[in-house]
Amino acid sequence: MSLISQLRCDEIFDPFLSLINKCPVLNTPTDWKETPDAHIFVSDLPGLKKEEVTVEVVDEGKALQISGDRKNEGFNEDNKNDKWHRVERCRGKFLRRFRLPENAKSDEVKASMENGVLVVTVPKQEVKKKPEKKVIDIEEIKG
């Protein structure tokens with residue numbers, strides 16, 4: 001967005017939208033919901049195929065990582081006759097990382113993708129309760 005266009009009021013300047021368009025993390029919105037059986041992550045990845053997205057469990061099973069690369073298709077500097085009026089769609093690499101809760105079964109994660117929507121399901125397991133504090137009686141040694 002050029003400063004001259006902003007001054008001429010050809011465009012509305014919105015610093016928040018400008019930040020979103022430049023930030024791959026903000027341009028990869030992800031919802032996280034918890035059901036009785038699982039944690040479910042839903043990411044909007046329009047225009048990407050499943051081969052362009054990587055889903056990993058990292059940090060010894062403690063984190064879910066979603067990454068990929070939005071290619072710069074359509075941007076060809078060889079064609080000098082092209083005139084771009086606006087470039088708002090985010091391109092480049094993106095990475096989202098979520099710390100998994102203690103009850104996540106990180107070895108049973110499943111992922112599916114349809115129409116640019118990635119769904120990652122992390123099943124839950126019952127967490128062993130920490131043992132309650134037990135007071136030990138101290139015996140007196142007679143001797």
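**View 1. Glu 60 occupies the loop between β3 and β4.** Strands, like helices, are DSSP runs numbered from the N terminus (strands: E, at least two residues; helices: H or I, at least four). The model shown is predicted: local features need pLDDT of at least 70, side-chain atom pairs count only at pLDDT 80 or more, and totals for chains, interfaces and linings use all residues. Residues are numbered from 1 along each chain as its sequence is written, and side-chain values use heavy atoms, with hydrogens and water left out. Glu 60 counts as exposed because its relative accessibility is 78% (buried, under 20% relative accessible area; exposed, over 50%; partly exposed, in between; 1.4 Å probe, protein chains only). The phi angle of Glu 60 is near 55°, a positive value in a residue other than glycine.

**View 2. Asp 59 lies in the loop between β3 and β4 (63-70).** Its relative accessibility of 35% makes Asp 59 partly exposed. Phi of Asp 59 is positive, near 55°, although the residue is not glycine.

**View 3. Strands β3, β4 and β5 form an open antiparallel sheet, in the order β3-β4-β5.** The edge strands, β3 and β5 (92-99), each pair on one side only, where pairing requires at least two DSSP bridges between two strands. Six bridges join the antiparallel strands β3 and β4. Val 53 stands opposite Gly 68 in β4.

**View 4. Lys 49 is located in the loop between β2 (38-44) and β3 (53-58).** With 54% relative accessibility, Lys 49 is classed as exposed. Lys 49 and Val 117 are separated by 68 residues in sequence and by 9.6 Å in space, C-alpha to C-alpha.
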